[in-house]
Amino acid sequence: MATPRPLSSPDITRRLNEVLPHWRHQDGALRRDYRTGGWRATLLAANAIAHLAELAWHHPELELGYDHVGIRLSTHSAGGVTDLDLALAEEIERWLGWRPGPDSALSGTPAEHAYLIDDPG
């Protein structure tokens, strides 16, 4: 497989605006911060991200704190943000943002056990 090419800043901005509005392009990488309901939720989110990254064989940098997870994605071999980073960001966003629908047999996490906080940051 050929090394992917870095995308231009305008291309990255356009793609983020189209499909990843909670992500930003900062310091040569894609960045997203999630607020969590506490340490347990932070570890659950980090493990979900790690699972997706391992399946994709494309690994982000994670910053973990008591009530937050920071994600930083870039393709080191290409020296910047590539389609690989955007694709993994989309999967992370899709999986961490999933919630049972109103007609689902699944009830979802009760409010008193907040997992990921609905925060666009």
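The legends below describe close-up views of charged and aromatic side chains in a predicted model. Residue numbers start from 1 along each chain as its sequence is written, and side-chain values use heavy atoms, with hydrogens and water left out. Local features need pLDDT of at least 70 and side-chain atom pairs count only at pLDDT 80 or more, while totals for chains, interfaces and linings use all residues.

**View 1. Salt bridge between Asp 11 and Arg 14.** A salt bridge is taken as a side-chain nitrogen of Lys or Arg within 4 Å of a carboxyl oxygen of Asp or Glu; a search of the whole structure finds nine. Here the N to O distance is 4.0 Å. Both residues belong to helix α1 (residues 9-19) and, being three residues apart, are separated by about one helical turn. Helices are DSSP runs of H or I with at least four residues, numbered from the N terminus. Asp 11 is partly exposed at 33% relative accessibility, and Arg 14 is also partly exposed, at 40%. Buried means under 20% relative accessible area, exposed over 50%, and partly exposed in between (1.4 Å probe, protein chains only).

**View 2. Salt bridge between Asp 83 and Arg 15.** The N to O distance in this pair is 2.8 Å. Asp 83 has a relative accessible area of 43% and is partly exposed. Arg 15, at 21%, counts as partly exposed too.

**View 3. Salt bridge between Glu 91 and Arg 94.** The closest N and O atoms are 2.7 Å apart. The two residues lie in helix α3, three residues apart, or about one turn of the helix. Relative accessibility is 30% for Glu 91, which is partly exposed. For Arg 94, likewise partly exposed, the value is 49%.

**View 4. A network of salt bridges.** Four residues are linked in this network: Arg 24, Arg 31, Asp 33 and Glu 63. Side chains of opposite charge can pair when their charged atoms come close.

**View 5. Arg 32 over the ring of Tyr 34.** The charged end of Arg 32 sits 3.9 Å from the ring centre of Tyr 34. A charge counts as over a ring if NZ of Lys or CZ of Arg is within 6 Å of the ring centre and within 35 degrees of the ring normal.
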